[in-house]
Amino acid sequence: LFLDLDKTAIFGNDGNDLGMALQWMDKPQSVISSLYKKMINPSVLPAYQAMQKKAHKVHVVLYTRRVQIVRYSSCFRDATIPV
């Protein structure tokens, strides 16, 4: 499942800009996650669930021109790494 964060997955033209602004203000990840939960396109989850029913394994790929908003949370160590 390919999600374009700049065009289809997030509502509003300023969705990514708001996330970056919160990061620059040193807001915690929980605040940024809360913002995106409110702005996510409601069609994303049903599309993902429909693909899961038809495919053996569904990989989610995120695309954005603003990589500052993407962070990797390691499941092996207690670390969040800006991508």
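Colleague: Which residues of helix H2 (residues 29-39) are buried?

Modeller: Buried means under 20% relative accessible area, exposed over 50%, partly exposed in between (1.4 Å probe, protein chains only). Helices are DSSP runs (H or I, at least four residues), strands likewise (E, at least two), numbered from the N terminus. The buried residues of H2 are Ile32, Leu35, Tyr36 and Met39.

Colleague: Which exposed residues does the face turned away carry?

Modeller: This is a predicted model: local features need pLDDT of at least 70, side-chain atom pairs count only at pLDDT 80 or more, and totals for chains, interfaces and linings use all residues. Residues are numbered from 1 along each chain as its sequence is written, and side-chain values use heavy atoms, without hydrogens and water. The face turned away from the buried side carries Ser30, Lys37 and Lys38.

Colleague: What is the phi of Asp26?

Modeller: Asp26 lies in the loop between helix H1 (15-24) and H2. Asp26 counts as exposed, at 69% relative accessibility. Most residues other than glycine have a negative phi. Asp26 is not a glycine, yet its phi is positive, about 60°.

Colleague: Which element has the highest mean pLDDT?

Modeller: pLDDT is the predictor's confidence in each residue, from 0 to 100. The protein's mean is 77. Strand S3 (residues 71-73) has the lowest mean, 70, and the highest, 90, belongs to helix H3 (residues 44-54).
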